[in-house]
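Dear colleague,

I am pleased to hand over the structure shown below.

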There are 4 protein chains.
Amino acid sequence: MSTFGTLFRVTTYGESHCASVGAIIDGCPPGLELAAKDVQTQLSRRRPGQSNLTTPRDEKDLVHLQSGIEHGVTLGTPIGLLVKNEDQRPHDYSETDLYPRPSHADYTYLQKYGLKASSGGGRSSARETIGRVAAGAIAEKYLKQAHGIEIVAFVSSVGKIHLPSTISSTAATNADDDNDEIEDSLTPEFRTLLATVTREEVDKFPTRCPHAETSERMIKRIIRAKDAMDSIGGTVTCVIRNVPAGLGEPVFDKFEAKLAHAMLSIPATKAFEVGSGFRGTEVPGSKHNDPFVLREDGNLGTSTNWSGGVQGGITNGEDIYFRLGFKSPATISQSQDTAQYDGTPGTLAARGRHDPCVVPRAVPIIEAMAALVVMDELLIQSARKSAASLLPAVTTLPPTMILPTRK
Amino acid sequence: MSTFGTLFRVTTYGESHCASVGAIIDGCPPGLELAAKDVQTQLSRRRPGQSNLTTPRDEKDLVHLQSGIEHGVTLGTPIGLLVKNEDQRPHDYSETDLYPRPSHADYTYLQKYGLKASSGGGRSSARETIGRVAAGAIAEKYLKQAHGIEIVAFVSSVGKIHLPSTISSTAATNADDDNDEIEDSLTPEFRTLLATVTREEVDKFPTRCPHAETSERMIKRIIRAKDAMDSIGGTVTCVIRNVPAGLGEPVFDKFEAKLAHAMLSIPATKAFEVGSGFRGTEVPGSKHNDPFVLREDGNLGTSTNWSGGVQGGITNGEDIYFRLGFKSPATISQSQDTAQYDGTPGTLAARGRHDPCVVPRAVPIIEAMAALVVMDELLIQSARKSAASLLPAVTTLPPTMILPTRK
Amino acid sequence: MSTFGTLFRVTTYGESHCASVGAIIDGCPPGLELAAKDVQTQLSRRRPGQSNLTTPRDEKDLVHLQSGIEHGVTLGTPIGLLVKNEDQRPHDYSETDLYPRPSHADYTYLQKYGLKASSGGGRSSARETIGRVAAGAIAEKYLKQAHGIEIVAFVSSVGKIHLPSTISSTAATNADDDNDEIEDSLTPEFRTLLATVTREEVDKFPTRCPHAETSERMIKRIIRAKDAMDSIGGTVTCVIRNVPAGLGEPVFDKFEAKLAHAMLSIPATKAFEVGSGFRGTEVPGSKHNDPFVLREDGNLGTSTNWSGGVQGGITNGEDIYFRLGFKSPATISQSQDTAQYDGTPGTLAARGRHDPCVVPRAVPIIEAMAALVVMDELLIQSARKSAASLLPAVTTLPPTMILPTRK
Amino acid sequence: MSTFGTLFRVTTYGESHCASVGAIIDGCPPGLELAAKDVQTQLSRRRPGQSNLTTPRDEKDLVHLQSGIEHGVTLGTPIGLLVKNEDQRPHDYSETDLYPRPSHADYTYLQKYGLKASSGGGRSSARETIGRVAAGAIAEKYLKQAHGIEIVAFVSSVGKIHLPSTISSTAATNADDDNDEIEDSLTPEFRTLLATVTREEVDKFPTRCPHAETSERMIKRIIRAKDAMDSIGGTVTCVIRNVPAGLGEPVFDKFEAKLAHAMLSIPATKAFEVGSGFRGTEVPGSKHNDPFVLREDGNLGTSTNWSGGVQGGITNGEDIYFRLGFKSPATISQSQDTAQYDGTPGTLAARGRHDPCVVPRAVPIIEAMAALVVMDELLIQSARKSAASLLPAVTTLPPTMILPTRK
């Protein structure tokens with residue numbers, strides 16, 4: 001359905017050619033200072049038309065907050081919001097409508113509902129993500145103010161152009177190799193990048209890849225796809241800093257399980273990995289385990305972070321990082337040999353220009369979904385922790401079962 | 001929490017040293033013939049001690065069905081079941097309990113709850129998966145009988161030993177390459193493997209990798225880890241056949257999102273990819289798109305299947321396949337330099353022998369979780385489809401919005 | 001939270017002085033013809049200012065559909081809708097704001113959130129019900145078209161003015177009586193009323209009590225309350241006709257449990273009874289049991305209907321009826337002795353005129369909530385029934401366990 | 001489905017003749033001392049065979065805790081528990097099985113599932129309530145220890161034998177009366193009863209009606225029903241003391257809505273009222289409103305309590321009380337004229353002896369369900385309150401929106 005979250009819950013509506021797209025955000029803590037600009041900033045970052053690398057439409061996407069706020073402060077009640085669609089006319093019929101677009105949602109929506117929006121993919125439209133980004137921006141504001149949590153995503157590859165392996169989590173060879181190759185731990189450079197990268201730095205580059213040389217090569221790759229009336233995918237890496245230890249529910253709602261759910265719900269995603277990811281399947285346990293060390297703040301930390309901030313499905317206080325893979329966009333400008341809805345083979349003619357690479361625009365969407373997951377898990381854990389704190393101390397437990405006092 | 005699913009819902013309990021582990025399965029359709037052996041078969045496949053590649057404990061794991069069945073037929077009411085724990089004594093205190101095991105759940109559980117089970121990781125115990133496997137076996141029985149759905153998982157890599165690329169979905173280079181390399185589509189051999197592989201074939205190999213030569217090399221790799229008192233991870237590929245088109249909910253509960261949620265909830269998983277996965281980020285759209293063709297059954301199919309059976313978050317009727325990455329097990333037999341709970345640096349002494357590679361045993365767990373996802377989505381879509389079928393036909397829609405009649 | 005339902009789900013937002021109130025309706029079957037007027041009709045029925053018995057404000061309450069519909073037909077995707085607030089300025093400060101209004105939500109909202117909307121009760125505002133009514137109207141349209149289901153509510157009492165006992169379900173004496181009094185079954189007149197009453201008949205009376213003489217007396221009672229700057233409560237009876245047998249989930253989500261949940265969520269409600277209700281606690285089982293009879297349609301029915309259409313938490317195909325009690329409105333025009341927020345005793349001065357009796361306006365809200373419950377339970381049961389129908393027939397069950405063939 | 005609750009969640013399984021009935025309780029705070037006897041006490045109170053007023057079977061009902069507890073302390077993980085069924089053989093076929101028992105669940109279960117348990121009503125069996133009572137006992141233990149919350153239910157009527165109106169909330173005349181009758185507020189005696197009644201006092205009476213004279217008359221009434229091979233219903237009143245202000249969620253999950261949901265899910269219930277209930281529909285607002293007063297603890301309280309501890313759907317800190325109506329049991333010992341499953345009219349022969357009045361045994365079930373509601377709402381509110389407390393203070397709000405400082 002169109003609802004995400006348990007205690008912090010977002011519900012969205014809207015497709016391409018209806019009156020508006022919008023969302024209801026329920027469960028926002030009361031007393032948070034919130035203005036339209038807090039939401040608008042991220043909405044504008046996801047907007048098309050920001051550079052010559054993306055589609056030239058200018059959708060404006062001004063958010064209208066409807067409820068849940070008075071005098072610039074949240075009331076704790078649901079926040080309704082909407083963004084009007086510029087083009088509200090149902091799509092006109094054309095010869096191309098005889099064809100389900102390959103690898104798009106036209107065919108599956110028709111199978112699911114028995115009918116489909118004139119625009120084809122209905123809720124699979126990229127405009128659907130507006131509600132997510134708005135909700136995420138609200139969650140982020142809280143997380144920043146109450147916990148100092150920071151979420152930063154950046155493009156780590158476009159096609160085969162990758163960040164240098166020295167500042168990347170992933171060098172899974174997928175190569176067939178019987179020998180024990182020396183496998184270096186995550187580099188200090190990569191951990192530093194995770195610890196320090198900011199949205200401002202990311203936004204300096206039209207690709208949102210915060211490495212000048214790689215970004216230049218990505219630009220060329222995207223322009224090459226554009227010139228070929230083709231498209232190209234990529235990956236986005238995201239770090240979440242300052243998340244308290246203890247978030248995530250055992251068994252089915254592990255932190256990374258909810259994170260994966262959230263991320264794979266973003267259109268065009270095909271792959272997700274947290275921490276060492278696929279690379280971690282190749283590194284022996286003795287090298288992959290993260291040794292504990294005493295941190296300056298008196299808590300335990302780990303000297304390496306292959307775990308990606310999550311152990312046993314629960315956050316451990318280290319930086320959480322993950323990588324998300326986007327397939328090359330299905331909508332391309334060149335003609336394609338395929339079949340009509342009725343099975344007749346034919347050629348779907350070339351259409352107008354399209355966004356050859358959506359990965360840079362996906363960055364704020366990923367940040368938003370990450371914020372929604374952290375926010376929801378934080379509220380659930382707050383309930384438990386707060387409830388447990390009111391019980392009288394138990395004095396009969398063996399020392400192995402309780403939190404030891406620091407020496 | 002410990003519940004998964006909306007209309008087909010499993011709730012589990014139990015940790016290592018309590019009386020039993022168990023589950024309640026709610027929402028099973030009435031009228032399904034079901035006996036303990038239907039469940040036992042898969043439970044036995046996940047059991048340790050099945051070969052010299054796994055840990056030698058023999059847990060038996062006999063399932064006791066409690067309710068919801070009479071005369072060998074499901075009533076539609078909740079099915080309670082349990083498997084007794086052989087060792088029900090709380091863990092004895094030992095010097096090693098001063099240390100949280102690196103990359104295990106000891107530390108995070110303690111942070112989450114303020115206390116922890118004497119066994120350390122509580123619900124992160126592998127015994128927790130028994131309830132999943134039992135529930136999945138029930139779902140599978142229904143799916144097979146009512147829809148002919150087949151789910152088969154197999155090991156596709158151990159450490160750096162991979163299935164040959166000719167029969168694998170993944171050859172993402174992760175290599176930095178500015179040039180447009182020719183990227184072959186999924187091979188016919190791989191599609192044939194997906195279309196035909198059976199559990200019987202998989203179980204012929206102790207590694208559960210259905211390729212004799214690769215399996216032999218994996219065995220050597222696992223033995224090498226064992227001899228080194230170390231551990232090694234791997235990946236499992238899973239195919240789901242004969243799933244009807246139309247499953248999966250738009251936006252937040254896309255089919256692959258729920259699948260990723262289910263899979264990343266399995267202990268030790270770090271990575272998930274569906275269809276072309278990370279490789280799909282590198283292939284241009286013109287090659288990655290799956291052209292439609294008319295299938296023999298009169299429905300549309302696709303001539304390639306980079307999508308992995310899911311488009312726009314909704315199944316399209318093609319084989320669904322995905323790959324899941326397991327990190328190398330955190331529990332190893334060699335000593336480790338780390339810190340105690342109170343921060344004191346030290347060496348966690350070597351313990352007894354442990355399972356050096358859990359990937360073969362993970363196979364039935366993945367099949368179970370896949371079955372739970374398909375079952376739940378199937379019921380949800382059944383509700384919609386059944387409800388829509390009772391409406392009078394709408395005659396005023398433009399032809400682009402409705403399912404065309406086959407010529 | 002602000003969401004109701006599992007497969008047919010409504011989420012609402014909005015309070016008195018924000019920009020708009022609205023809702024997202026998720027799970028509406030595709031292919032339903034739907035226009036704004038379908039929703040507007042019921043919204044207008046809940047609107048204040050419809051007679052001299054209610055508050056004179058005219059809120060207009062025009063609904064704006066945002067999504068989920070094209071060419072007048074539902075797509076199966078979420079339907080967003082909103083109704084603008086005429087007065088969007090936060091409430092001005094006044095001396096009366098020192099006082100929490102007695103029996104209103106001012107105090108409890110402040111306790112819950114630590115702050116409150118300037119209007120006091122925030123989401124307890126009657127305008128919150130607009131979203132419910134809109135959602136219910138959509139559900140009703142489906143229920144009527146697909147199943148011929150009819151839902152009609154009417155006022156059965158105002159203060160101590162009740163419908164004659166001959167056409168009422170309730171004559172629980174609450175009188176202390178040791179003797180076995182003869183307790184007549186529900187009268188044929190009452191069953192006829194339930195079977196035939198229409199909204200058109202109900203709306204002929206400003207009180208929405210479809211009995212001319214009683215309605216006249218109710219009008220006098222309400223005018224008396226108005227003249228006394230006081231308020232008066234009442235009860236509403238509702239019937240749901242043509243609901244298929246088999247709706248409602250065993251144990252926690254019994255049909256009447258969800259119905260009670262839905263009804264007691266309506267502002268100012270204090271009491272709910274289904275079927276014989278409190279009266280059924282006083283009638284011996286031998287008289288209270290509803291004997292089965294063969295109906296003309298070949299199904300079993302019951303010759304009496306003390307059960308109110310629900311047995312064991314599951315609908316039996318008979319008319320479902322229930323009664324809901326509304327306390328006298330807390331907002332009255334006379335001054336009240338009470339305390340300020342800080343505990344200082346004082347007199348809350350009289351304010352402007354208010355609606356002395358809200359029961360007539362509650363009628364469409366009750367119908368809406370009833371529709372939401374039926375719709376959700378119908379979808380859930382559709383999933384089960386559809387799933388079970390695909391299983392091969394079981395031939396080994398004893399005859400007591402299966403549905404007998406009609407002779 | 002068979003799950004209740006969001007953060008404190010109970011899932012149950014089991015019917016009459018299966019191996020066991022049981023439950024999984026998820027979300028119990030860690031660090032609570034808990035032993036089997038904490039659960040057994042309430043289970044024994046719901047057990048049949050406790051006096052000559054109830055059915056003579058002795059079911060024992062010993063609870064077996066399975067998980068979630070070590071060294072007598074909860075771990076925070078799910079608590080599995082079960083109670084074995086003494087009679088595990090499926091019901092034998094008999095001539096009476098041709099008939100669906102009137103007003104029982106035989107017919108509706110068959111309609112719902114297409115088949116039914118041999119015992120007829122499947123999950124509608126009274127044994128289903130064992131899981132609820134066990135879960136409620138665990139919740140109660142926490143509520144008592146952490147908040148001093150007390151929950152006491154007692155029988156307030158059997159048939160037409162009621163507690164004296166001086167110690168009862170309900171004297172709704174349901175009498176038709178145009179005049180303004182003087183309506184006294186809740187009596188001080190009743191408020192004292194609510195404030196002081198204990199389970200020990202209640203259990204002194206076999207009827208569980210804590211008023212000697214009324215109890216005696218109830219006993220006679222029940223014996224009269226027994227002698228007539230008939231049955232009789234009744235009502236139970238329940239009070240919840242020391243619940244903090246602020247529990248309950250606006251709009252759909254108002255405190256009384258969840259309470260009504262929980263209560264109407266108990267078998268044989270037909271009616272629910274909170275606070276003034278149906279009586280409150282007849283009392284003018286000026287008399288019904290509860291004036292605020294400063295309490296000794298420095299918080300606001302109300303001098304009367306028609307609201308029943310809930311205002312605007314949110315608790316206000318006063319005693320919460322409600323009344324629940326149980327119809328006369330459907331299972332009676334005398335023969336009944338009705339129809340067979342196939343519609344053939346006939347007489348369902350008398351069967352063995354049955355419990356003529358279940359109301360006394362319902363007392364612990366009501367207490368359990370009340371505990372589950374309070375516990376769940378408490379956890380949800382804890383999350384919000386804890387989250388809001390971490391925000392920086394907002395200084396720009398008008399004084400009407402914030403909690404005033406006590407003078």
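**Findings**

Strand S11 (residues 269–274) of chain A and strand S11 (residues 269–274) of chain B run antiparallel and are joined by three bridges. Strands here are DSSP runs (E, at least two residues), numbered from the N terminus, and two strands pair if DSSP finds at least two bridges between them. Within S11(B), Glu273(B) is the bridge partner of Ala271(A).

Please note that this is a predicted model, in which local features need pLDDT of at least 70 and side-chain atom pairs count only at pLDDT 80 or more, while totals for chains, interfaces and linings use all residues. Residues are numbered from 1 along each chain as its sequence is written, and chains are lettered from A and ligands numbered from 1 in the order in which they are written.

Contact between chain A and chain B involves 123 residues of chain A and 123 residues of chain B; two residues are in contact if their C-beta atoms, placed from the backbone, lie within 7 Å. The side of chain A that touches chain B has 48 nonpolar, 48 polar and 27 charged residues. In this classification, Ala, Val, Leu, Ile, Met, Phe, Trp, Tyr, Cys and Pro are nonpolar, Asp, Glu, Lys and Arg are charged, and the others, Gly among them, are polar.

Chain A is superposed on chain B by a rotation of 180° with 0.0 Å of shift along its axis (RMSD 0.0 Å). The two copies are therefore related as by a two-fold rotation axis. Superposition is by least squares on the C-alpha atoms of residues with pLDDT of at least 70 in both copies. Of the residues of chain A, His261(A) comes closest to the rotation axis, at 2.4 Å (C-alpha).

With kind regards

Technical notes: Helix = DSSP H or I, 4+ residues; strand = E, 2+ residues; numbered from the N terminus.
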